[in-house]
Amino acid sequence: MLKVNNVTKRFGGLVAVSSVDLEVNEKEIVSLIGPNGAGKTTLFAMVAGFLKADEGKVDFENASVLGMRPHQICKLGMVRTFQITQPFAGLTTLENIMVGAYSNTSETDLARTKAEEVAEVVGMTSLLNQGADGLTVAGRKRLELARALATDPKLLLLDEVMAGLNPTEIDDIVTVIKGIRDRGVTIFLIEHVMKAVMNLSDRTYVLNDGKLIASGTPSSVAEDPQVIEAYLGHGAAEAMAEGA
Ligand SMILES: Nc1ncnc2c1ncn2[C@@H]1O[C@H](COP(=O)(O)OP(=O)(O)O)[C@@H](O)[C@H]1O
Ligand SMILES: [Mg+2]
């Protein structure tokens with residue numbers, strides 16, 4: 001479904017993403033992990049059309065998407081969420097979700113119906129008429145998810161949707177993400193919460209210093225000495241062992 005081939009991004013002298021190859025198949029949940037600054041968000045930004053790659057190829061369902069704008073890629077069925085949530089202040093939760101739905105329709109009624117439907121999927125129905133600026137962190141993360149889902153994606157790219165959530169909220173969002181996959185949406189997620197990575201992923205890729213250093217099932221990756229090494233000092237090696 002998604003094929004990333006030899007993709008590289010430099011910022012001045014820094015190689016943020018270095019010759020990365022990976023793929024995501026239909027109906028999978030694939031995760032991308034790695035220490036802070038590894039290049040994960042930069043990779044997503046290139047895949048979704050927000051940043052131009054210096055080298056490489058990105059194909060989505062056999063169409064080359066490198067050089068396309070985010071809204072064009074969204075129309076093809078691939079959409080990302082942002083690590084830093086940005087609800088439109090002054091709009092309600094419903095109106096914020098409708099912004100996503102308007103990528104497929106210009107009709108208010110259809111956009112509202114779609115927004116209400118995805119709100120149900122992410123468990124936000126009771127919050128629809130509240131101002132989005134009053135949402136909690138967990139609420140904002142769900143809103144980000146709902147807005148992306150409202151575009152009717154085939155492939156959803158999630159950038160740290162669990163950051164800042166407590167364990168109960170994390171369990172809830174893991175359930176929501178599984179539910180989204182069960183509706184036929186393929187998921188590619190960047191995540192730091194190892195328990196969730198272990199619980200959700202069919203396959204995991206590990207990025208360190210811009211390079212892929214491991215890939216495979218989450219448990220095989222967690223036991224990979226190179227991965228443990230990359231995480232040493234970040235406290236994640238233990239967390240991974242716990243999660244496995
Ligand atoms: N727009 C930018 N300009 C310059 N450097 C950047 C920019 N975006 C990211 N970087 C750098 O690229 C590296 C990878 O960043 P990022 O992709 O955000 O990592 P991650 O999401 O894995 O934490 C970091 O060293 C970061 O400082
Ligand atoms: Mg990031």
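I started with helix 3 (residues 93-101) and helix 5, whose axes come within 6 Å and cross at roughly 40°. Helices here are DSSP runs of H or I with at least four residues, strands are E runs of at least two, and both are numbered from the N terminus. Axes are lines fitted to C-alpha atoms, for helices over the stretch in contact, and angles run from 0 to 180 degrees between N-to-C directions. The angle makes helix 3 oblique to helix 5; under 35 degrees counts as roughly parallel, over 145 as roughly antiparallel, 65 to 115 as roughly perpendicular, and the rest as oblique.

Before going on, I noted that this is a predicted model, where local features need pLDDT of at least 70, side-chain atom pairs count only at pLDDT 80 or more, and totals for chains, interfaces and linings use all residues. Residues are numbered from 1 along each chain as its sequence is written, while chains are lettered from A and ligands numbered from 1 in the order in which they are written.

Back to the helices. I looked up the hand of the crossing of helix 3 and helix 5, and it is right-handed; a crossing is right-handed if the near helix is turned clockwise from the far one by less than a right angle, and left-handed if anticlockwise. Which residues meet there? From helix 3 I listed Thr93, Asn96, Ile97, Val99 and Gly100, and from helix 5 Leu143, Ala146, Arg147 and Ala148. Contact means C-beta atoms, placed from the backbone, within 7 Å. By class, this contact of helix 3 with helix 5 has 5 nonpolar, 3 polar and 1 charged residues. Ala, Val, Leu, Ile, Met, Phe, Trp, Tyr, Cys and Pro count as nonpolar, Asp, Glu, Lys and Arg as charged, and the others, Gly among them, as polar.

Next I checked helix 3 against helix 4: they pack at about 110°, with axes 8 Å apart. That makes helix 3 roughly perpendicular to helix 4. Helix 3 passes helix 4 in a right-handed crossing. Leu94, Ile97, Met98 and Ala101 of helix 3 face Ala111, Arg112, Lys114, Ala115, Val118 and Ala119 of helix 4. I sorted the residues of this contact of helix 3 with helix 4 into 8 nonpolar, no polar and 2 charged.

That left helix 4 (residues 108-122) with helix 5 (residues 137-149), whose axes come within 9 Å and cross at roughly 135°. That makes helix 4 oblique to helix 5. The crossing of helix 4 and helix 5 is right-handed. Val118, Ala119, Val121 and Val122 of helix 4 make the contact with Arg142, Leu145, Ala146 and Leu149 of helix 5. The classes in the contact of helix 4 with helix 5 are 7 nonpolar, no polar and 1 charged.

An open sheet of 4 strands has the order 2-1-4-5 with antiparallel pairing; two strands pair if DSSP finds at least two bridges between them. Strand 2 and strand 5 (63-64) are at the edges with a single partner strand each, so one side of each has no neighbour in the sheet. I found 7 bridges joining strand 1 (residues 2-11) to strand 2. Arg10 stands opposite Val15, and Val7 has Val20 as its bridge partner. Strand 1 and strand 2 form a hairpin with 2 residues between them, and Gly12 in the turn has a positive phi of about 60°. On to strand 4 (residues 55-60): 5 bridges join strand 1 to strand 4, and Asn5 is partnered by Lys57.

The other open sheet I looked up has 6 strands in the order 6-7-8-3-9-10, with mixed pairing. Strand 6 (78-80) and strand 10 (211-216) are its edge strands, each pairing on one side only. Strand 7 (residues 155-159) and strand 8 (residues 186-190) run parallel, joined by 5 bridges. Leu158 stands opposite Leu189 in strand 8.

Last, what surrounds ligand 1? I noted Phe11, Leu14, Ala16, Gly34, Asn36, Gly37, Ala38, Gly39, Lys40, Thr41 and Thr42, taking a residue as near if its C-beta atom, placed from the backbone, lies within 6 Å. Helix 1 gives the largest share of this shell, 3 residues. The shell around ligand 1 divides into 4 nonpolar, 6 polar and 1 charged.

Terms used. Two residues are in contact if their C-beta atoms, placed from the backbone, lie within 7 Å.
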